[in-house]
Amino acid sequence: MKYLEPRVLSKAFGLMIAAVGLMTSAGCATVRPEQRAILADPTMQFDQKSADRAALEHVLDNREGSTGGGSVRGGGCGCN
Amino acid sequence: MLSRIKPLLAERLVARHCLGALLGVSVLFGAASARAQVAALDLNSALFVEPSKRSGLTVWNPSAVLAVTPTNWLTVQGGYEADIVSGASESVKGGRLSSVDIVTSATHFSDTRHALTGGFTVTRATTHLSGSYTYGTEHDYRSNSFAVSAGTDFLQKNTQIELSYGRGFDQVCTTAYAASDAPSSRLALDNSRGCFTNDKKRASRDISLNNFQVGWTQTWTPVFTTQMVLSAALQHGFLANPYRSVVIASAGDQALENHPEDRARGAIGLRGKYYARGLQTAFSASARLYRDTWDIFGQTYEVDAERYLVPWLRVLVRGRYYTQTKALFWSDDYTGGEPETGPRGKYWSGDRELSPLSSYLVGARALATREGKPGQRVLGLFLSFSGSVSFDLLKTNLRDFTLGGHAPDDTLALLWSLGFRGEF
């Protein structure tokens with residue numbers, strides 16, 4: 001059985017600590033609903049599902065050896 | 001654009017207040033139209049052109065999607081898209097030592113892919129759930145794919161988590177070789193006639209696809225938001241090009257491209273959006289790192305800026321840089337005796353997307369939106385409509401890839417896109 005090297009393990013552990021710290025700090029970020037006017041604008045939202053972006057992703061998927069990690073729905077006014 | 005920035009603080013304050021009022025009105029209008037919305041129709045058309053003296057490529061991609069929202073918590077949608085492809089490509093790949101004339105082997109082809117999709121989205125106060133199915137067909141390829149995604153907001157809606165999973169069951173047409181046949185004796189397709197029929201010279205091979213994704217979007221301030229996306233994909237089956245032969249012996253012997261049957265892929269994307277009040281512009285920057293079990297390491301860096309020129313017209317400009325290493329088994333030539341141009345294990349490939357490359361992209365988009373006033377419809381029909389036009393230019397630098405020792409001339413690509421969206 002092949003074991004991970006200590007160097008890789010320590011890097012993974014460091015990344016996990018950083019990720020947990022970052023997600024914990026997210027709880028400190030408070031943007032009230034009345035402060036969301038700019039965030040609600042389409043220019044500030046991820047994954048606007050625009051036609052040009054979809055066409056571009058289609059081309060890049062077929063012209064490069066990598067894929068994934070693209071934008072997902074998120075951001076906005078939080079006014080559902 | 002930057003030269004138009006107003007330098008005086010007073011003017012900035014006025015502009016800031018005007019923008020705030022404008023955005024506030026747009027939020028109210030958006031919320032109102034979302035409640036009243038019955039249907040939305042998206043019509044798009046994209047044209048991709050890769051000019052070349054011998055192996056140019058043109059792809060026209062029209063699509064239409066109709067989404068109906070019968071209640072405020074359910075949206076049902078259906079769509080159609082096509083890829084109408086015509087061009088020429090080299091059916092044999094040889095490298096700098098090749099004794100075969102590769103360049104004049106380019107053959108013309110044309111095909112059309114049709115894809116039908118249907119899906120739904122259920123939206124509640126802080127959660128949403130989506131599901132979709134897509135069927136795609138062309139002369140030599142069929143695909144069935146299912147996708148589900150779910151997302152939720154928490155921490156006063158400043159944090160959003162989105163999970164998604166996709167499963168694909170694809171089939172590709174190849175020549176009818178047996179699994180026990182030596183890879184070096186397998187032949188490539190020369191056309192798609194007889195595919196998915198009882199023709200004994202054709203066979204269909206399965207491709208299994210699994211895609212996982214998790215996204216975390218975080219709002220940090222009223223003008224700054226970030227997103228992190230982790231993706232993983234597992235592919236199994238026939239992952240080569242059934243039409244491509246590779247020269248594998250110095251005498252000119254050719255065999256069907258031979259790729260591993262399994263590929264695990266992973267990527268992490270980090271992006272941030274910041275609204276610069278002084279410039280009245282939304283800036284976005286992103287970085288993406290990619291790694292797979294074929295030993296490709298890819299890096300993508302992208303920036304864009306978007307702003308309103310007038311309240312109904314906004315313009316976006318973008319730039320992108322991409323670089324990747326080669327697949328472990330990729331070589332420009334497999335016929336030499338040394339490691340760089342000789343055999344590279346049990347696999348061989350003529351795929352330039354697996355070669356070491358980099359690319360630059362610049363593009364722009366203009367999007368015009370018209371919202372109907374409360375109680376009134378635009379043109380007597382639409383609650384709102386928008387139209388967009390975009391242009392992108394992609395230049396690829398193939399570091400090692402050659403066709404018989406000659407650098408390909410189809411490394412510049414142009415993409416035009418037109419879109420229309422109407423809500424009524």
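User: How many helices and strands does chain B hold?

Analyst: The model is a predicted one, and its C-alpha atoms in chain B fill a box of roughly 75 × 50 × 40 Å along the principal axes. Within chain B, the secondary structure comes to 1 helix and 19 strands.

User: What share of the contacts in chain B with a separation of 6 or more comes from residues 24 or more positions apart?

Analyst: Of the 424 residues in chain B, 29% are buried, a residue being counted as such if 20 or more other C-beta atoms lie within 10 Å of its own. As for the contacts with a separation of 6 or more, the share that comes from residues 24 or more positions apart is 60%.

User: Which residue of strand 7 of chain B stands opposite B:Y133?

Analyst: Strand 6 (residues 127-138) and strand 7 (residues 141-154) of chain B run antiparallel and are joined by 12 bridges, with a hairpin of 2 residues leading from strand 6 to strand 7. In this pairing, the residue of strand 7 that stands opposite B:Y133 is B:F146.

User: Which residue takes a positive phi in the hairpin of strand 7 and strand 8 of chain B?

Analyst: Strand 7 of chain B also pairs with strand 8 (residues 159-175), again antiparallel, through 14 bridges, and B:S145 stands opposite B:G168 of strand 8 there. The hairpin of these two strands has 4 residues between them, and the residue with a positive phi, near 50 degrees, is B:L155.

Terms used: Residues are numbered from 1 along each chain as its sequence is written. Chains are lettered from A and ligands numbered from 1 in the order in which they are written. This is a predicted model: local features need pLDDT of at least 70, side-chain atom pairs count only at pLDDT 80 or more; totals for chains, interfaces and linings use all residues. Two strands pair if DSSP finds at least two bridges between them. A residue is buried if 20 or more other C-beta atoms lie within 10 Å of its own, exposed if 12 or fewer, and partly exposed in between; C-beta atoms are placed from the backbone. Two residues are in contact if their C-beta atoms, placed from the backbone, lie within 7 Å.
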